[in-house]
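Here's a quick tour of a few spots worth a look. Have the model open and follow along.

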Amino acid sequence: MTQTLLQADPDIHALIQEEHARQNNSLGLIASENHVSPAVLEALGSCLTDKYAEGYPGRRWYFGCEQVDQVEQIAIDRAKQIFGVAHANVQPHSGANANTAVFLACLKPGDKIMGMDLAHGGHLSHGMRINFSGKYFEVASYGVEEGSEVLDMDKIREQVLAERPKLLIAGASAYPRTIDFEAFGAIAKEAGCLLMADIAHIAGLVAAGLAPSPVGHADFITTTIHKTLRGPRGGMIMCTEEWAKKIDVAVFPGLQGGPLEHAIAAKAVCFKEALSGDFKTYQQQVIDNANTLASELTSRGWRLTSGGTDNHLMLLDLRSRMPETTGDTAANWLRDAEIVCNKNSIPFDPRPPMQTSGLRLGTPAITSRGMGTEEVKLIAESIDSILTSEGNESVIATAKGAIGALCAQFPIPTKQ
Ligand code: PLP
């Protein structure tokens with residue numbers, strides 16, 4: 001029981017070391033990923049993982065919860081302070097769980113939900129056919145406009161009024177533009193439906209006041225903690241006082257058993273970081289880096305969907321320069337040069353989701369390593385040269401050298 005990980009399980013120890021090296025020696029451009037601080041990781045790896053605490057602070061089924069009660073209350077209070085909400089539930093194990101708990105709180109099986117089309121950048125928990133959300137609820141969807149590739153709020157209003165969903169969902173996994181939560185709120189009000197804003201991707205930008213907040217417009221706000229917010233893997237639900245009780249009951253005992261108090265402690269640490277002055281500077285740099293990457297790629301002739309980005313991510317349309325190259329092939333070439341991103345469908349993509357015509361690129365993780373404008377210019381140059389050479393081996397080798405030097409100069413913040 002007292003052995004180190006190395007002694008107890010050399011195989012897993014070695015794989016964790018390998019993963020640390022992989023992260024440290026490659027560039028993470030996956031828009032939904034980030035690097036946590038050593039303090040967040042310390043809380044995550046603490047003895048709090050041993051504690052059962054079904055219930056909520058001050059109302060637990062188990063005894064010995066004096067410390068975790070305080071931990072969870074601190075996490076709740078900080079979340080309320082950051083986002084300016086009446087109620088926060090920090091127990092959801094993930095973003096998808098947070099969304100499911102909202103459905104459980106306010107819908108009955110067969111009710112209609114309406115979210116952004118998965119193929120246009122929505123998330124699978126917003127009504128994908130084989131997801132829980134698509135199986136238990138009737139699903140309608142809205143999408144971006146062909147041509148502009150942005151959400152047209154007048155058109156969405158008409159669609160929502162025609163569909164009359166019980167729950168309207170605003171939020172996306174691959175939408176590079178600002179989401180107008182105020183307009184969504186007005187539409188929901190007019191249509192007499194509830195509004196859930198899923199800010200999983202942009203939570204850090206919202207927390208820093210650099211993207212519009214859905215507070216005051218949405219009945220429910222769900223998020224992950226591990227994307228731009230730069231915390232541990234997990235979810236959270238925020239809501240008006242009116243829904244507080246129903247949301248808490250939906251999370252526990254409705255959907256989950258014991259909360260992950262070690263993860264909740266790490267969420268609390270992340271929230272403290274988000275309340276610090278540095279956090280806004282970091283989020284502004286995320287946006288600046290995304291803008292630099294977008295303009296560097298555009299100036300080399302690459303088309304980005306909607307023409308650019310307002311946030312931390314962009315979708316590159318490979319057809320603009322390499323019509324024969326799929327997102328899958330392109331992401332593999334970049335991977336060979338230690339640039340890690342994901343293939344992504346672009347709106348109205350003629351290719352199937354396993355191939356795609358696009359790449360999704362995001363800047364939260366490289367910004368957490370301290371990279372700025374000059375580094376992003378070099379990254380854009382490497383991406384461009386690899387793609388236009390069609391994955392030429394010597395071009396990849398040159399880019400890999402440059403990326404390796406960059407990674408060595410900007411190590412990831414955690415030691416293991
Ligand atoms: N909602 C949105 C908009 C997302 O992008 C994601 C994840 O990518 C989720 C929910 C789900 O989060 P998780 O993977 O933690 O379940």
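Helices here are DSSP runs of H or I with at least four residues, strands are E runs of at least two, and both are numbered from the N terminus. This is a predicted model, where local features need pLDDT of at least 70, side-chain atom pairs count only at pLDDT 80 or more, and totals for chains, interfaces and linings use all residues. Residues are numbered from 1 along each chain as its sequence is written, and side-chain values use heavy atoms, with hydrogens and water left out.

Back in helix 8 (residues 181-191), the buried residues include Phe181, Phe184 and Ile187. Buried means under 20% relative accessible area, with a 1.4 Å probe and protein chains only.

| Element | Residues |
|---|---|
| Strand 6 | 138-142 |
| Helix 7 | 153-163 |
| Strand 7 | 167-170 |
| Strand 8 | 194-198 |

Now for Thr367, in helix 14 (residues 364-368). Is Thr367 buried or exposed? Thr367 is buried, at a relative accessible area of 6%. Its side chain reaches the backbone oxygen of Thr363 at 2.6 Å, a polar contact (a pair of N or O atoms within 3.5 Å; within protein, one must be able to donate a hydrogen and the other to accept it, and residues adjacent in sequence count only if both atoms are side-chain atoms). Setting aside neighbours within four places in sequence, Thr367 is in contact (heavy atoms within 4.5 Å) with Tyr282, Gln285, Val286 and Asn289.

Terms used. Buried means under 20% relative accessible area, exposed over 50%, partly exposed in between (1.4 Å probe, protein chains only).
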